[in-house]
Amino acid sequence: MKITLLSKPGFSGNMLVRKIEEVAKSQLMDIEVFLNEHLQEADVVLLTPQRNEDLKEIKKVVKVPVGVISLKDYGLLDGSSIIKYAKQLIQK
C-alpha cells in the first residue's frame, strides 16, 4: 500500500511518516509512505488535521480515497491507528 501524507511544512509530518513506517515494518506490512509527493501513485491520500480545509480540492484532483487523520491519532503519532484508517478508506 502506498500512502501519501499531506501536511503543512514542519517537523510533525516527518515524525508521523516515521511512526507509520515503524509500525508497518514491525508488523511486516508492505507500506510506503510519502510526504507531500507522489499524489497520483498513492493508493490513499491522508491529510493532517491542519490540511482539513483542502479536503474537497484534493478529492477533485486525485482518483483514490482521501481522508483526514483524526486530531487524536495525529497528536499521539499513532501509526497503527492511521494505517487502520487508511485501510478502511481503501475498502470503502
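Lys19 counts as partly exposed, since its relative accessibility is 34%, and in this predicted model the residue forms a salt bridge with Glu22, with the closest N and O atoms 4.0 Å apart. Both partners lie in helix 1, three residues apart, which is about one turn of the helix.

**Sheet and packed helices**

- Strand 1 and strand 2 pair in the parallel sense over four bridges, and Thr4 has Phe34 in strand 2 as its bridge partner.

**Nonpolar cores**

- The largest nonpolar core has 18 residues, and those with the most contacts inside it are Ile3, Leu16, Ile20, Leu46 and Ile69.
- Leaving aside neighbours within four places in sequence, Ile20 is in contact with Ile3, Val33, Gly79, Ile82 and Ile83.
- Apart from this core lies another one of eight residues, including Leu6, Val45, Leu47 and Val66.

- Asp73 lies in helix 3 (residues 71-76); the residue is buried yet has no salt bridge, and the nearest side chain of opposite charge, that of Lys72, is 5.5 Å away.
- Neighbours within four places in sequence aside, the contacts of Asp73 are Asp78, Ser81 and Ile82.
- Leu77 is found in the loop between helix 3 and helix 4, and the residue counts as buried because its relative accessibility is 17%, under the 20% limit.
- Although Leu77 and Leu16 are 61 residues apart in sequence, their C-alpha atoms are 5.7 Å apart in space.
- With neighbours within four places in sequence left aside, Leu77 is in contact with Ser12, Met15, Leu16 and Lys19, so that the list includes the Lys19 that forms a salt bridge with Glu22.

**Salt bridges**

- The structure holds four salt bridges, one of them being the pair of Lys19 and Glu22, in which Glu22 counts as partly exposed at 46% relative accessibility.
- Lys8 forms a salt bridge with Glu53, the closest N and O atoms being 3.3 Å apart; Lys8 lies in the loop between strand 1 and helix 1, and Glu53 in the loop between strand 3 and helix 2 (55-61), so the pair ties together parts that are 45 residues apart in sequence.
- Of these two residues, Lys8 counts as partly exposed at 41% relative accessibility, whereas Glu53 is exposed, with a relative accessible area of 52%.
- Asp54 and Arg51 meet through their side chains in a salt bridge of 2.6 Å, N to O; Asp54 is partly exposed, with a relative accessible area of 22%, whereas Arg51 counts as buried at 17% relative accessibility.

Terms used
Residues are numbered from 1 along each chain as its sequence is written. This is a predicted model: local features need pLDDT of at least 70, side-chain atom pairs count only at pLDDT 80 or more; totals for chains, interfaces and linings use all residues. Side-chain values use heavy atoms; hydrogens and water are left out. A nonpolar core is a set of buried Ala, Val, Leu, Ile, Met, Phe, Trp, Tyr and Cys residues joined through side-chain atoms within 4.5 Å. Buried means under 20% relative accessible area, exposed over 50%, partly exposed in between (1.4 Å probe, protein chains only). Contact means heavy atoms within 4.5 Å. Helices (H or I, at least four residues) and strands (E, at least two) are DSSP runs, numbered from the N terminus. Lys and Arg count as positive and Asp and Glu as negative; His and the chain ends are not counted. Two strands pair if DSSP finds at least two bridges between them.
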